[in-house]
Amino acid sequence: WDNKLWTGFTSEKIKRIVHLFIILLLSTVPMLLYGNKLLSPISLDLQTSPLSFLNTVFYAWQSKQALGTSLNAPGWLFPSGAFFSFLSMVGLPNYVVVRLWYIALLFFAGSAMYYYAGSILKNYAAEIQSAGHTSQNEIAKCALIAAIGYIANPYVVLHLNNGHFLLTYAVLPLQLLILDKGLQSGKLYFAALMGLVSLIVTTNLPIVVINYMVILLYVVFYLLSIDKQLIFQKVRFVIISFILISFNLLWFVLPTALPLLNNDPVLANSISQETWQMYGMHSSFSETLRLLGIWPLYGGGFEFSDYYLNNVISIAATYLLPVIALCAAIFMRRSPYIYFLIILLLFSIFMAVGGYASSPFKGMYVYSYEHVPLFSMFRNGYKFVGVIAFVYVMLISSGLFILLNHNLIKKQWFSGALYLSIIALFITSALPLFRGQIFSDSHLAKIPSYWRDTAKYLDD
């Protein structure tokens, strides 16, 4: 493995290809379990003519459209709409296109986390080089564990069938990877990349904002704790990145904001009925830590409900995730990166639990909801559970890497068993994903024979 096997291919490159193939396999298997039926995901309207539907993005700036409807949410339509339109024009059947969307979503999430975790671990390896040995092999293995954990956890299981919901979750590691590279070098090339990636992250506004809150927190953490050299170049990179991001987001934020600024009476009445009591009282601490969030609200609504409510193995696995993550944080206590993860974890738990009755922070949440401008956009606190999943994955993979590199595990067989045990834990916590239980019968349908005939007639 240490020698070149053939020109252009080193052992490291081959290993990376194998790891990406494993991620692709784990992303593909769940979509092979529903036969040839059409998956009918929430919030992804499957139209007879996807291209015509995508065109409605450019007619979205209509003040009379109710907030939250598809015509007033071009961000919801653009990424998935472009994907569906292109593949439909190629001539692929709809049931194949839907599956490819989910495969792409899961693979993108896993591969982005693979490269991000690998980059962070390489940075940390340079810091601990004097304390023990570092190995590219261990970095790759721990990065693979991070990738598997990011696509196989209860949060993904609970929200995968909400067609666009996991888009920002999938892209977050890529955004942080580009951000980290840009902060290290200060090069404006990475600012341009941040702007381009922001074109992908156009979906439900609150979860888009959550991503940029994480990014802003990382910027503050990096500049204060890690590297203060070339500060002018780094600040310039950050400012230009956020200018490009803001410019790119305006095209789908403004259609939502304009009716609000115009005091549309229909919207005002709609918003007044959406209170924190309606959305912010359903996520207990225990369910939030299990990465289920708002689970009591959906407790009986899915085919996999019983697995998380009554299966002893599932309950043990989902509680082990936060326990192992916090234990891993102990091994990271000398790394400045741990402060970013812990602050992010505590804030996300606070937002996810919200105004739950037994929360000691209920009063603070309610006050913020009623008095802090724009805080009410986060009334659905379970959207922060994805950030908690991100923190768990990074803590577990980083903690394992540090454990191995401090020679605390002497036996090779034991380290291998530890790798496999953590992978098994993630798979167990997301087992419904690999048992074909994400889409219940109510979200499966046979495609009628007149579907494409109708589409062709309307197009003509």
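Author: Let's take the features one by one, starting with where the model comes from.

Author: This is a predicted model, where local features need pLDDT of at least 70, side-chain atom pairs count only at pLDDT 80 or more, and totals for chains, interfaces and linings use all residues. Residues are numbered from 1 along each chain as its sequence is written, and side-chain values use heavy atoms, with hydrogens and water left out.

Reader: Good. How many helices and strands does the protein have?

Author: Helices (H or I, at least four residues) and strands (E, at least two) are DSSP runs, numbered from the N terminus. Here you get 21 helices and two strands.

Reader: And what share of the residues counts as buried?

Author: Buried means under 20% relative accessible area, exposed over 50%, and partly exposed in between, with a 1.4 Å probe and protein chains only. Of the 460 residues, 52% are buried.

Reader: Which residues have the most contacts inside the largest nonpolar core?

Author: In soluble globular proteins, nonpolar side chains tend to be buried together. A nonpolar core is a set of buried Ala, Val, Leu, Ile, Met, Phe, Trp, Tyr and Cys residues joined through side-chain atoms within 4.5 Å. The largest one here has 126 residues, and Tyr 116, Tyr 218, Tyr 337 and Phe 390 have the most contacts inside it. Its largest share, 16 residues, comes from helix H4 (residues 94-127).

Reader: What does Tyr 337 touch?

Author: Contact means heavy atoms within 4.5 Å. Setting aside residues up to four places away in sequence, Tyr 337 touches Tyr 116, Ile 120, Tyr 218, Phe 221, Met 332, Phe 390 and Met 394. Leu 176, in helix H7 (residues 167-185), is buried because its relative accessibility is 0%. With the sequence neighbours up to four places away left out, the partners of Leu 176 are Tyr 116, Val 214, Ile 215, Tyr 218 and Phe 390. Across the protein, 78% of the contacts with a separation of 6 or more are between residues 24 or more positions apart.

Reader: How many aromatic pairs are there?

Author: Rings of Phe, Tyr and Trp (its six-membered ring) pair if their centres lie within 6.5 Å; planes under 30 degrees apart count as stacked, over 60 as edge-to-face and the rest as tilted. The structure holds 18 such pairs. Take Tyr 337 and Phe 340: their ring centres are 5.7 Å apart and their planes are at 40 degrees, so the pair is tilted. Both lie in helix H17 (residues 337-353), three residues apart, about one turn of the helix. Ring pairs also link Tyr 116, Tyr 150, Tyr 155, Tyr 169 and Phe 390 into a cluster.

Reader: And which ring does the charged end of Arg 290 sit over?

Author: A charge sits over a ring if NZ of Lys or CZ of Arg is within 6 Å of the ring centre and within 35 degrees of the ring normal. For Arg 290, the ring is that of Tyr 319, with the charged end 5.4 Å from its centre.

Reader: Last one: what is the phi of Leu 291?

Author: Most residues other than glycine have a negative phi, and most peptide bonds are trans. Leu 291 has a positive phi of about 70 degrees, although it is not a glycine. Leu 291 lies in the loop between helix H13 (285-289) and helix H14 (295-298), and is buried because its relative accessible area is 1%. Leu 291 is also one of the contacts of Leu 321, which is found in helix H16 (residues 312-331).
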